[in-house]
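Please examine the sequence and the three-dimensional model shown below.

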Amino acid sequence: MKILKTVRSLHYDARTGPIQMLVLHATATRNLAQTWSYLIDSKAPNRVSAHYVIDRDGTIYQLVADDKRAWHAGVSTWPGMGNDINGVSIGIEFQCPVKAGALGGFTQKQVAAGIRLCRLLCNMYKIAPENVVGHSDIAPGRKQDPGILFPWERFVEAGVAQNPSRR
């Protein structure tokens with residue numbers, strides 16, 4: 001699989017540990033321009049980023065190199081990973097609007113690209129399926145993405161996520 005586009009975010013710093021997790025997000029933006037405004041053009045103290053963005057047409061963009069610490073997880077924890085999830089994870093954003101009050105409308109091309117990217121990264125960094133999580137898993141009560149409409153079952157069937165019943 002090839003990353004089709006590179007768009008650079010300057011919102012990153014040095015990793016604090018080895019890559020052990022993937023954190024899946026949904027942007028809650030209407031379009032890619034709004035996504036870039038949020039992930040590239042945001043200003044302190046609200047600067048955020050992600051390693052990858054998957055557009056609705058399945059195009060994968062890389063914003064931050066894997067060996068850098070993107071700022072996507074915020075205040076979050078996961079068993080065995082401590083409280084610096086940014087330092088040990090790769091953040092993947094799915095460009096996704098809010099529809100009828102919920103994050104949703106993930107496209108088939110987007111989901112297929114997400115599964116391919118997760119499979120590649122899990123193989124490359126030896127990430128176990130139980131460590132492919134949603135933002136809501138690592139920041140419950142604070143974050144809701146990727147949302148209740150995210151097709152976790154497809155990721156489980158592909159072997160790149162754990163049983164979604166825990167969500």
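**A guided reading of the model**

Ala 28 has a relative accessibility of 41% and therefore counts as partly exposed, since that class lies between the 20% limit for buried residues and the 50% limit for exposed ones. This residue belongs to a predicted model. Ala 28 sits in the loop that joins strand S3 to helix H1 (32-39). Its backbone deserves attention, as phi of Ala 28 is near 60°, a positive value in a residue other than glycine.

A second residue with such a backbone is Lys 126, which is not a glycine but has a positive phi of about 55°. Lys 126 lies in the loop between helix H3 and strand S10 (132-134). With a relative accessible area of 72%, Lys 126 is exposed, because the limit for that class is over 50%.

The protein chain contains 5 helices and 10 strands. For its 167 residues, a compact globule would have a radius of gyration near 15 Å, and the value of 14 Å found for the protein chain agrees with this. The C-alpha trace spans about 35 × 35 × 35 Å along its principal axes. Of the 167 residues, 51% count as buried. Among contacts with a separation of 6 or more, 73% are made by residues 24 or more positions apart.

The accessible surface of the protein chain comes to about 8,000 Å², and carbon and sulfur atoms hold 52% of it.

Which residues touch the most other members of the largest nonpolar core? Within this core of 27 residues, they are Leu 22, Leu 24, Ile 92, Phe 94 and Phe 155. Two or more residues each are given to the core by strand S3 (21-26), strand S4 (52-54), strand S7 (89-94), helix H3 (108-125) and helix H5 (152-157). Helix H3 supplies the largest share, 7 residues.

Apart from neighbours within four places in sequence, Leu 24 is in contact with residues including Ile 92, Phe 94, Cys 118, Val 132, Val 133, Trp 152 and Phe 155. Asp 145 and Pro 146 are also among the contacts of Leu 24. The peptide bond from Asp 145 to Pro 146 is cis, with omega near 10°. Pro 146 is placed in the loop between helix H4 (135-138) and helix H5.

Loop residues can also be buried, as two further positions show. Gln 95 lies in the loop between strand S7 and strand S8 (98-99), and its relative accessibility of 1% means that Gln 95 counts as buried. Beyond its sequence neighbours within four places, Gln 95 is in contact with Thr 27, Arg 30, Leu 32, Ile 54, Arg 56 and Gln 110, among others.

Ala 73 occupies the loop between strand S6 (68-70) and helix H2 (85-88). Ala 73 counts as buried because its relative accessibility is 1%. Not counting residues up to four places away in sequence, Ala 73 touches Ile 85, Asn 86, His 135, Ile 138 and Arg 142. Asp 41, by comparison, is 32 residues from Ala 73 along the chain, and the C-alpha atoms of the two are separated by 18 Å.

Notes
Residues are numbered from 1 along each chain as its sequence is written. This is a predicted model: local features need pLDDT of at least 70, side-chain atom pairs count only at pLDDT 80 or more; totals for chains, interfaces and linings use all residues. Side-chain values use heavy atoms; hydrogens and water are left out. Helices (H or I, at least four residues) and strands (E, at least two) are DSSP runs, numbered from the N terminus. The radius of gyration is taken over C-alpha atoms; the globule rule is 2.2 Å times the number of residues to the power 0.38. Buried means under 20% relative accessible area, exposed over 50%, partly exposed in between (1.4 Å probe, protein chains only). Contact means heavy atoms within 4.5 Å. Accessible areas come from the Shrake-Rupley method with a 1.4 Å probe; for residues, only the protein chains shown count as cover. A nonpolar core is a set of buried Ala, Val, Leu, Ile, Met, Phe, Trp, Tyr and Cys residues joined through side-chain atoms within 4.5 Å.
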